[in-house]
Amino acid sequence: TDANGNYAIAVPANDTYVVTISTPAGTSPAQGSSDSSVPDITSENDKTHNGAGTTVTVGIVDNLTLDFGFIKNGSISGNVSVDNNDDGTGDSNLANVTLALYDANGIKIATTQTDANGNYSFDNLVPGEYTINEVQPAGYLSVSENEGGTDNDKPNDGVVNSIQAVVLAGENDSGNDFVEKQNLGAITGNVSEEINGNLQPISNVTLVLFDTSGNEVTRTQTDAVGNYEFIVPPGNYYIQEQQPLDYYNVSENEGGADNEPVNPLINTINVVVGIAETDIKNDFIEIHKTVKPGCGCATTEICILTTSIATNIADTSATIQWGKVTDVMSYEIFVNGKFVAAVGANVTSFELDNLQINTEYNVEVVSINGSGNKLVKIINFNTTDSFAWLPAVYNVILY
């Protein structure tokens, strides 16, 4: 064809020919052309349609009405995103989400996935009606579908994760977007004080949630009845209770109600949260420091003794020593209420480094026997300041 789309083929007269044409890239045969299901529109009566081209009988005159028609193909595009703040709109893009395209007869004709920016497209589409179905991504819930794209050419079809679109000739039907939100889980628990075998809630205790790499995810505090809650995406976590002032640790309900792996650290619970799961009963039990001071650590009691000593106290270090406890399995060291180490049964001293100059420290040595009974030994001391007497020194730089 020339610049105007015209063509001419010179052939001997009084014979029969078949004229065919390859569909140009990015187009589809138009209804009424000889390459479609409807015969060519022309004034000539000497041709028939055979599905592969047009058969024409050439008489003694030229046949100048054997035309072919094509329509530009179109495309459908959109985005999949995540609503992170429950306002109904997407805030971050979601990659690797699968989408399927169906024609007007409900036949699946293509599939694709969102790219790193959450975008997708179906290209080179014959103009007509289509349906895009999103495969619900694992760990997410549907928030909305932008029915009909930016031109709103189709109303809401009432089907979740489904958008209907009408593609016109040469149109990019864009804005066919899906918005998701994470199917969050929850972690709940309680912090309480044991008093004569009964539990009383402790409010305003800080709980910190970490991921498995040790990064803090979020933190919260217990309410008036000792309860706390974290709302989180599915995954693996651990909770650390910040030891409440004037209390000693008694126990942790390791792993909540579904018994995840036990974390060996005191005041720490491992948690595995499934999709939409509420992981309950991640509880911490404490005992007040005023309970049974100096009792001698009998059977089921937690005893508080002040028999530890601090030696070799320096500006930034000190050595903590304690007497060996019968039947002990391990010792745990706390500095100012924060866990710093666990040591073996035969160890009776521990070196504290990286301390602050001229600072007061409270150290607790918790011994644990095979029955889980605990003996707490405490010591308070101040680090020194060897340079406190030195006069101030000033450096003067002359230019």
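**Cavity lining**

I sorted the lining of the largest cavity and got 6 nonpolar residues, 2 polar and 1 charged. Nonpolar means Ala, Val, Leu, Ile, Met, Phe, Trp, Tyr, Cys or Pro; charged means Asp, Glu, Lys or Arg; the others, Gly among them, are polar. The model is predicted: local features need pLDDT of at least 70 and side-chain atom pairs 80 or more, while totals for chains, interfaces and linings use all residues. Residues are numbered from 1 along each chain as its sequence is written, and side-chain values use heavy atoms, without hydrogens or water.

I counted 1 cavity of 30 Å³ or more. A cavity is a set of points on a 1 Å grid over the protein atoms alone where a 1.4 Å probe fits but cannot get out; lining residues have an atom within 4 Å of a point. I noted a volume of about 50 Å³ for the largest cavity, taken as the space filled by probe spheres set on the points.

Which element gives the largest share of the lining? I found β22, with 3 residues. Among the lining residues are Tyr247, Tyr248 and Glu364.

**Open sheet**

Next I traced 4 antiparallel strands, in the order β19-β18-β21-β23. Strands are DSSP runs (E, at least two residues), numbered from the N terminus; two pair if DSSP finds at least two bridges between them. β19 (216–221) and β23 (268–273) are at the edges with a single partner each, so one side of each has no neighbour in the sheet.

I then checked β18 (residues 206–211): 5 bridges join this strand to β19. Phe210 stands opposite Glu216 in β19.

Technical notes. 1 Å grid on protein atoms, 1.4 Å probe; cavity = no way out; pocket = protein on both sides within 12 Å on 5 of 7 lines; lining within 4 Å.
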